[in-house]
Amino acid sequence: MPKEQKQEPKNLTIITAHVNADFDALASMLAAQKLYPDGLVVFPGSQEKNLKNFFINSMAYLFNMADISDIDFAKVKRLVLVDTRQPGRIGRLSKLLKRKDIEIHIYDHHPSTDNDIKGDLEVHRMSGANVTLLIEIISQKGIDISADEATIMCLGIYEDTGSFTYPSTTEKDFKAAAFLLSKGANLNVVSDLIARELSPEQVSLLNDLIQSASRFNVNGIEVVVASVTTEKYMPDFAFLVQKMVKMENLDALFAIARMENKIYVVARSRINDVDVGAILTAMGGGGHGYAASASIKGKTLAQVENNLVELLYSKIKAQRQAKNLMTSPAITVRTDVSCKNANDLLTRYNINALLVTEKQNGEDHLCGYITRQVIEKALYHKLEYVPVKEYMTTELATVEPDADLSEVQEKIIENKQRVLPVIDHKDIAGVITRTDLLNILVRQSKRAPDDFPDPLKEPTLARTRNVIQFLKERLSKRLLNILKTVGEVADESGYGAYVVGGFVRDLFLYRSDEDVDIVIEGDGIAFAKKYAKLEGARIHTYEKFGTAVIIFPDGFKIDVASARLEYYKFPAALPIVEMSSIKLDLFRRDFTINTLAIQLNSDKFGTLIDFFSARKDIKEKIIRVLQNLSFVEDPTRVFRAIRFEQRFDFTIGKLTRGLIANAVSMNFFRGLSGRRVLTELKQILEEDNPVPAIIRLNDFDLLKFIHPSIQFDKQLISILNSVRKVLAWHDLLFLDESYMKWVVYFLVLIHTCNQQRSEEICSRFELAPQYKKIFCSERFAAEKCVLKLTRDLPVSSSTLYRELSGFRTELILYMMAITKHNTVKKAISHYFTRLRRVTVSLKGKDLQQMGVEPGPIYRDILQATLDAKLNGKLKTRKDELEYARGYVR
């Protein structure tokens, strides 16, 4: 039996959800009851039969429940809505919305719509399950819940997230489930209810759904609509729809069922292109982009189906149009360019076909295209200097930017074209390759979680996802506003704007990274100037690379770059830079994990773009290059691969490891300037713990590129680990002074090198004189000092001061790391923490007042006074003056 009603009859609080309540709605009502202990749980209509049985047979005692027919609406003063904000989805309770004396509290996770109910209290956040929102509040308030209550709430999370497999699932859903498990939630009960077997009637209805399925091609996207009729109400219809989606591997399904005297529509989508929530909201229902439902009265099955199909064509705006599939800019060649030079272009850009153009009335006119296969045959026949116009294909199909996938597919296949130009008002907007099309079709026909394109192939259609909520959780308000303003300024200039690289990578690794890199599809420097003027910031530009640094008044910086493509004239050369698009800009990067981008333009703000399966590699903790010649073009990427591997606790992929070994064996590093190697080495040595990375450098036989004489052995590892401990000790002193960590580690790396080899290393790395002095002169003095202290200790504090006072911080730390004697280490520590800053207040004028004639004796008196103070004999200025007078006498 339900609990006895405790509420005052003239001050009712009603807790309700949407009609046809599912487990998430049920769980949300129970959670709301914990927040409103005197509230009555009321179903607005007839609940699903499995829920009714669930109440009767198991846990009805948990609910303070009342039948809607027993409620005196006049006594209701507060209405608590969970899992809905739609007036059409709360049945007879919608009458209460007309009263101004009703207090309305709303807890809902569905996307906002224009006709949402407005509440006095609204809790609205995107999450996989609605009950997650209420569990967060329960946890924050410290409200206790029983194991049975935790089980029902957990059931809601598991159902609405598809056991954490739906794309709408968030991190908060996992945390909420973990909280419920800590409260004793029974997963066996959850499993029994979620993974229930189908009854014979349900199997029959599912078969009818599959047989009735009609497939509609809506703007290049396949949408399935199925309709059935049954004389009696069938429980778990939504469950059957989800079952059909999985069995038939569908992207989007709308299932229409006439049951008893009402029509139900349940929809599921697995792609961003089809927002089922928006479509069914227009039919009086609601839900998410991935799952939604509606119940309709007063219409026939045919009317509902016709209305649905009309909505599909008006609401679905496909991203699979030529303008979203193409690679831009297109790589073109003039008609008079030789086959040899055209072949160089194919190699430079790693492509298999070139569009051929010529100037007509001052504009580029598309004449045809030529493939790698044709050019290679021409070269084989010694025709390298013949212009490409002689062998190009002149009969070619083109498409406009708005062409859908089916048109693209038809023209590439029917015309056997390797490359399909996209033409926008006679201008070449981009190209779609056969590989692009193949990747799209494979992913469309076989959609599986682990079905990812090979990142070593040319770029393909990106995976996209809206991460606005994630950005709000991870970024400060200031940084979020900066990114929004960047997008708005880019909109005004007609540019695409993206935040890219390590910043985005570290967001998903939950690491802090304030180094913001912006890529502009257009003139990055022009954009930077416009943005800096708006924000009152300074700007430094680098015309050669099309980059700029925006510096805010408080010193915060943003790096801005034009989307660019890089190619290398020979191994280890510096890159040649050309303007490009975001797709090609990301393709030039070192590793897949650094290829994520988030669009900042206002209409697509917060859209995550992943062309090369970066999120998969981040999840699997793997470092991969994007193409097999990556280390040939830039061998310094090897050092970065090792640095990222150790920093993130990732693993370098098998193929990438093989490519590193190839780069070492082929000695591609010989073409690198010492300065470039040093830049990468510095970054490794500045890591929190560079020792594993140094060991990894040795594993790949890379230490020889610092100097062949470097001896990697147990002693070196021991000293490196000693450096780490010494630096940790130093950092815990919290001194307001900086030092160069990399210098200390580098001193250890070369500690076995004599002066001649040390000078060779400094010359190789083109080190500045100040560093050359440290490594080739001061290092040897420091090592001698350590030997002397080892021999002479214990000594007075003044003697210790004289021995160590000439050394900079890096050398002091180096000395502490290389000594094997604790007495020496303690002595140096004592100097660094106690003696180093000791001074005397005595001045020359004080000595003059004592009658001492100026001369070398001043130095002797001041030194003697300092020694006495170091040795603990003097405490105050008075002591210093007395000591000086005695010394003079």
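Which helices do the buried residues of α32 pack against? I started there. The model is predicted: I used local features only at pLDDT of at least 70 and side-chain atom pairs only at pLDDT 80 or more, while totals for chains, interfaces and linings use all residues. Residues are numbered from 1 along each chain as its sequence is written, and side-chain values use heavy atoms, with hydrogens and water left out.

**Entry 1: helix α32**

I took helices as DSSP runs of H or I with at least four residues and strands as runs of E with at least two, numbered from the N terminus. I called a residue buried under 20% relative accessible area, exposed over 50% and partly exposed in between, with a 1.4 Å probe and protein chains only. The buried residues of α32 pack against α27, α28, α30, α31 and α33. For contact I required heavy atoms within 4.5 Å. In α32, 9 of the 10 residues are buried, so the helix is largely enclosed by the rest of the structure. I listed the buried ones as T809, E810, L811, I812, L813, Y814, M815, M816 and A817.

I next looked at α33, which has 14 residues and reaches 18 Å from its first C-alpha to its last, close to the 20 Å expected at 1.5 Å a residue. The expected span is 1.5 Å times one less than the number of residues. Its buried residues are V824, A827, I828, S829, Y831, F832 and L835. Their cover includes α27, α30 (769-792), α31 (797-804), α32 (809-818) and α35 (857-870).

I then checked E778, which sits in helix α30. E778 counts as buried at 16% relative accessibility. Leaving aside neighbours within four places in sequence, I found E778 in contact with K773, F807, R808 and L811.

**Entry 2: salt bridges**

I counted a salt bridge where a side-chain nitrogen of Lys or Arg lies within 4 Å of a carboxyl oxygen of Asp or Glu. That rule gives 41 salt bridges.

I looked up D108 and R85, whose closest N and O atoms are 3.0 Å apart in a salt bridge. D108 lies in strand β4 (residues 103-108) and R85 in the loop between β3 (76-82) and β4, so the pair ties together parts that are 23 residues apart in sequence. Both D108 and R85 are buried.

In the salt bridge of E737 with R837, the closest N and O atoms are 2.6 Å apart. E737 is in the loop between α27 (714-731) and α28 (741-749) and R837 in the loop between α33 (822-835) and α34 (844-849), so this pair ties together parts that are 100 residues apart in sequence. E737 is partly exposed, with a relative accessible area of 26%, while R837 counts as exposed at 59%.

I also noted a network of salt bridges that links D590, D634, R640, R643, R676 and E680.

**Entry 3: aromatic rings**

I paired rings of Phe, Tyr and Trp (its six-membered ring) if their centres lie within 6.5 Å, with planes under 30 degrees apart counted as stacked, over 60 as edge-to-face and the rest as tilted. The structure holds 21 aromatic pairs. Y36 and Y107 are buried.

I found one aromatic cluster formed by W742, F746, F765, Y771 and F775.

For a charge over a ring, I required NZ of Lys or CZ of Arg within 6 Å of the ring centre and within 35 degrees of the ring normal. R505 lies over the face of F644, 5.0 Å from the ring centre. R779 lies over the face of F780, 4.2 Å from the ring centre.

**Entry 4: a sheet**

I took two strands as paired if DSSP finds at least two bridges between them. An open sheet of 6 strands runs in the order β6-β7-β8-β9-β11-β10, with mixed pairing. β6 (214-218) and β10 (286-287) stand at the edges, each with a single partner strand, so one side of each is left without a neighbour in the sheet. Strands β7 (residues 221-230) and β8 (residues 252-259) run parallel and are joined by 7 bridges. I looked up V225, and its bridge partner in β8 is F254.
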